[in-house]
Structure formats: structure tokens, C-alpha cells
Amino acid sequence: MSARLRVALVGLGWAGRRIWLPRLHEHERYTVAAVVDPDADARAAAGAPVAAASVEDLDPALVDLAVVAVPNHLHSPVAARLLARGVPVFVEKPVCLSVAEADRLAAAEREGGAVLLAGSAARYRADVQALLGLAAELGPIRHVDLSWVRAHGVPAAGGWFVRREQAGGGALLDLGWHLLDTVEPLLGPVVFDQVVGTVSADFVNDHSRRARWKDAGDGAPGPLAAGDVEDTARGFLVTDRGVSVALRTSWASHEARDVTAITVEGGAGTAALSCTFGFSTNRQESSTLVRTGRGVTRAVPVPGEPVGAEYSRQLDELPGLLADPARGGAAIGRAREMIAAIERLYDSARSAGRAPELAGAGAGHGR
């Protein structure tokens, strides 16, 4: 068996504690060598051999990889500091909040000679993999429809998730990153020639619409912080090859269940996946995948898997990616294109006056 990778988990919020720490402990390829968090109680509860309050206190010689799971606005600054010191980094989504941040990460990667790897779980799901395999049978792809609509799932997460200054955006940035990450496996590298978007905030400050599964096991939920980000975004994008992509993300809605849907339309047929991404307990019971052509629709078997298996699958792949000398610059290049598209959607909503109640949402995003 290959030697275990010594990991520093940076950030012990919900994602760090609930997603990454248990999976790193369970995985045969990793040892949690250090944790980093400003909260002394969180550090003590993690029980790692080394516990630091800041990445500046972390000795690069003690770790082979840092998993960065801090609040969104710290993803890029923390990752850049680690990369510049020669520490390979796996960054939770969103990797960055602007094209400018992406460029700074690319510079830090070159400066430190360490690779950046990007976290985005959607493409690692078994049902998404089944859809990708089916899409190869559809002929030239003409259109992709992406949606993730929650019934009630506004993330409180201590409050920062609904504050633009710390989160960088709302449902578009949060859920949209996962959805847009499925576009490249379907279409290959894309450039969007046309982008139009709208955002709204009917539910973000409604206490009854919060994501209650994030409170499980964390004691009594705190007050819902006043949010200044969107809870719903809709967009339409067209690539330089004329393929259209429709996008909808909603933290809350009038629906009964939290459902993620991806439909791919090609010259030889269509394929449609319906499932529920993420950890919501208000989920579709199982994933369904169908293929339609010439008026005939047939169901396609989809492997079942435990909720969250896609995160473990990412960990399976990381050692190989770290060992691949060609990975340098690849993840940040893809992240740059993702955040550029998201910025343009926010810009479209703001410049056309389609977000009057969210005048500040997405502010600071530039092309």
C-alpha cells in the first residue's frame, strides 16, 4: 500500500467537521496530521496531533496536502498563502470569488511550485457519471438544462453564508458552482459568448426556509442572520459553438422536495437525470435517469450509493492527481472560467435592473 498522505484540515466549520474530517479519518490513504482553526475548542475537539490557529503557524514540512474548508471569502487568501509556501492545496468550492482571485491563485501556485486541486463533488456522483456515459450516445449536444431547487434550504451556517461580504454570493455561487462543473464533462472546455441572468430574494430572510439539516447534532440553531444575497438565480448562456445552457438555482421555493435535474438534448435524443445533490434530508427518494429518442422513453439503471459518497470518491482520486505533473494550472484554469461565467450572470442581473431588492448582491464581481 502507498504511504499515507499527511493532511492538514484548514477550517472546522460545518463542512470541515461533517464532510471532511470523518472521511479523512476513515480513508486508508490519509492521516490527519494537523487541524487549523481560530476556535480553540474546535481544535481541541478535532484531536489532531498538531493544532494551529492560523496557517502561518503550520510547518509545511509536516504535511503533504492541505484541505481548505474555511468560509468562502477566505478560500483564495488561505489557499494562496499555503501554495506560496509550497503546500499542495485542495480547496472546497467555490475555489475563488472573482477572476482577480483566480489570477492570484495561479501566481501563488507558480511561485510555490505546489499544485492546487479544486473541490466540486457533482461530477463524482454515480448518477452524474451514468448521465455522462449516456450523453455520449446523443449525438452533437445542442442544449443543457441545469437546475437545483430546494423547498427550504437557506444555509444559516453561523450567518456568513447569507452575507455577501463573506459568502461572495448566494444560491448562484453556492449551488451554481456544482451545476456548472458538470458542463465541461458534457461539452468539453467552453467559452460563453452570451450570458444573461436574473436573481431574486423572496425567501433568504424567512426563518422557516433555513436548511435545518445543518443544525443536526450542533445544538440549538442560532438566529437566522439578515441576508443580502439572492436565494434564487436564473440564467441562460450560449457557448461560442452555439450550445445553450439554462441554469436555475434556488435555496428555497414553493416545491415540496429538494430536487436537482440535468437534461441533455442532442441531435440523436435526450437524457434526463433527476436526483438530489448534497445532504438535504428533504430529498428525492432515489435517482432516476431516462433516455428519449424518436418518441420512445426508456429508463436507464442508476447505481445507488450512500448520501455523500461523492466526497469520498474525490478523496480516492486526490493522490493520483497530486502525483501527476501535468495537473499544475489545470484546476485554477477551470475555476477561472467558472467564476467568470458566474460574474457575468451577476453583472447581467445588476446592469439590467433585474435585482432591485439586491442592489449589493454580487457587488465587487467584475468581468
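**Basis.** I am working with a predicted model, in which local features need pLDDT of at least 70 and side-chain atom pairs count only at pLDDT 80 or more, while totals for chains, interfaces and linings use all residues. Residues are numbered from 1 along each chain as its sequence is written, and side-chain values use heavy atoms, with hydrogens and water left out.

**Overall form.** I looked up the secondary structure and found 10 helices and 14 strands in the protein chain, these being DSSP runs numbered from the N terminus (helices are H or I, at least four residues; strands are E, at least two). The radius of gyration is 20 Å, close to the 21 Å that the globule rule gives for 367 residues, so the protein chain is as compact as a globular protein of that length; the radius is taken over C-alpha atoms, and the rule is 2.2 Å times the number of residues to the power 0.38. I noted that the C-alpha trace spans about 60 × 45 × 40 Å along its principal axes.

Of the 367 residues, 55% are buried (under 20% relative accessible area, with exposed meaning over 50% and partly exposed in between, for a 1.4 Å probe and protein chains only). I then checked contacts (heavy atoms within 4.5 Å), and among those between residues at least 6 apart in sequence, 74% join residues at least 24 apart.

**T232.** I located T232 in strand β9, which covers residues 232-239, and T232 is buried, with a relative accessible area of 5%. Leaving aside neighbours within four places in sequence, T232 is in contact with A171, T198, V199, S200, R248, T249, S250 and A252. I also recorded a polar contact of 3.0 Å between the side chains of T232 and D231; such a contact is a pair of N or O atoms within 3.5 Å, where within protein one must be able to donate a hydrogen and the other to accept it, and residues adjacent in sequence count only if both atoms are side-chain atoms.

**Backbone exceptions.** Most residues other than glycine have a negative phi, and most peptide bonds are trans. I found a cis peptide bond between K93 and P94, with omega about -10°, and I placed P94 in the loop between β5 (89-91) and α4 (99-112). R294, which is not a glycine, has a positive phi of about 50°; I placed R294 in the loop between β13 (288-293) and β14 (296-300), where R294 counts as exposed at 89% relative accessibility.
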